[in-house]
Amino acid sequence: MSEAAVKKKVGKDLTEGVIYKQLMQFAIPMIFTNVIQQLYSMVDLMVIGLFVGSVGTVGVSTGGEVSDLMTPVATSVAMAGQIYIAQLAGAKDEKKMKEAIGTMLSLMMLTSVVCMILPIMFYRQILGWLNCPAEAFGQASSYMIITCLGMPFIFGYNAVCAMLRGMGESKRPLIFVSVAAVVNVVLDLIFVVWIPLEAAGTAIATVGSQFGAFAAAFYFMNRHKEHFDFELKLSYFKIKWQHMRVMLLLGIPQLIRQFCVRFSMLWVKANINSYGLVASATYSVGNKIEKFVDVFFNGVTGAGSAMIGQNLGARKLGRVKKTQNITLLYSMIFGALGAAAFLLFPRQLFRCFTSDAAVIEYGVTYLRIMALGCFIHSVVSAYKCMATGAGEAGLSFVIGVLDGVSRIAVCLFTIYVLHMDVTGYFWGAALCHIFPGLVSFAYYASGKWKTKKLLTGE
């Protein structure tokens, strides 16, 4: 098969074409992919909130924190692979690109086993540290243990999607996650509504959906195996040190960054849980709504990172700068729309997840604060994509540490200096992105990305 035919079927050259049009065409499937992921995740919370109540909501939210903590391990390694593959694709080095794909798949599978076993072994200690309300402990335990069994599927799905996005393909992951969404909704109806397994039923639906996404991704990769030199043999799953070295250099700082952010979020969650069931349920629902809005500008910035990576690989620096600026514009538009929704329809948004009047009223305060945070986050994410696309692992680490430290620092200031109640933690979550945003902008303004050495694996 000719090289042209390969590129036509799998991947897209992001170094040519009209930037504003190409960026949006590449971003739209990523946005829809993220939206569908959040929708079926929100369906879990809707179903459990409406059919089980606040105890179930807090159980799923708290039990899901570990899954939310382990998933960044998958996304960190996957993002490292995506950056590396994008630069190799831009440089037209197909031999190294295919070797990097095999290495990434192997590394992801090995890591997933560790992330599955450890939380199951220490689930009681983890839930205790999170100050899980006693009423929700059983629900949270069931949800945590069952969802951890789905870790290999999460890692496998993220690996294939990162590989494809690095090659310029964003439509296929949308198909994979659509399969997951259908499976999730059907299983939620069966195991929560029809067979009342409560949080355990939601967990079964979640793992089932993860398996569906992974199965669809694996089927695609096996069907188009000639593009990746893929073979379903143990000999294919071998790690080449020169490629793993690059992924670890990129992935470990990304992972530490994600853990710093997640640790600070867990710290906030644990402290909010100490205020009781209403405060905990408000934060659980509000955080889910916030994540749904975030996916719009996260999709744009994800596309921007891939485009920047390919164009840096092709050494098209003028195109890199234009991509960054257009990414910022699109991200700010989505951030402004999200902030407007938070301000105009707070009660309506909360009613989608709960019928508890106290939680709904508290939710109005939460979303009004998060309206500002939403817009700030959209701007910060746009500037972060330059560091991500350039493969600046050290800078990404600094940004992540700042994000986590800022979240805790602002919370401590609002609670102990301004003497706020639980809303002080809401403000910490809203304002924590300012400081890492300043660092990200400084890197872009410095122009150091223009002289960044490309990732070669040598």
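**Figure 1. Burial and fold of the protein chain in the predicted model.** Buried residues account for 59% of the 458 residues in the protein chain, and the coordinates shown come from a predicted model. The secondary structure of the protein chain consists of 17 helices and 0 strands. Its radius of gyration is 21 Å, close to the 23 Å that the globule rule gives for 458 residues, so the protein chain is as compact as a globular protein of that length. Along the principal axes, the C-alpha atoms occupy a box of roughly 60 × 45 × 35 Å. Of the contacts between residues at least 6 apart in sequence, 82% join residues at least 24 apart.

**Figure 2. Surface and charge of the protein chain.** The accessible surface amounts to about 18,100 Å², and carbon and sulfur atoms contribute 69% of it. The protein chain carries 38 positive and 24 negative side chains, with the centres of these two sets lying 8 Å apart.

Figure 3. Gln-37 is part of helix 2, which spans residues 19–51.

**Figure 4. Surroundings of Gln-37 across the sequence.** When residues up to four places away in sequence are left out, Gln-37 touches Tyr-157 and Val-177. Gln-37 and Ser-178 are separated by 141 residues in sequence, while their C-alpha atoms are 8.2 Å apart in space.

Conventions:
Residues are numbered from 1 along each chain as its sequence is written. This is a predicted model: local features need pLDDT of at least 70, side-chain atom pairs count only at pLDDT 80 or more; totals for chains, interfaces and linings use all residues. Side-chain values use heavy atoms; hydrogens and water are left out. Helices (H or I, at least four residues) and strands (E, at least two) are DSSP runs, numbered from the N terminus. Contact means heavy atoms within 4.5 Å. The radius of gyration is taken over C-alpha atoms; the globule rule is 2.2 Å times the number of residues to the power 0.38. Buried means under 20% relative accessible area, exposed over 50%, partly exposed in between (1.4 Å probe, protein chains only). Accessible areas come from the Shrake-Rupley method with a 1.4 Å probe; for residues, only the protein chains shown count as cover. Lys and Arg count as positive and Asp and Glu as negative; His and the chain ends are not counted. The place of a charge is taken as NZ of Lys, CZ of Arg, CG of Asp or CD of Glu.
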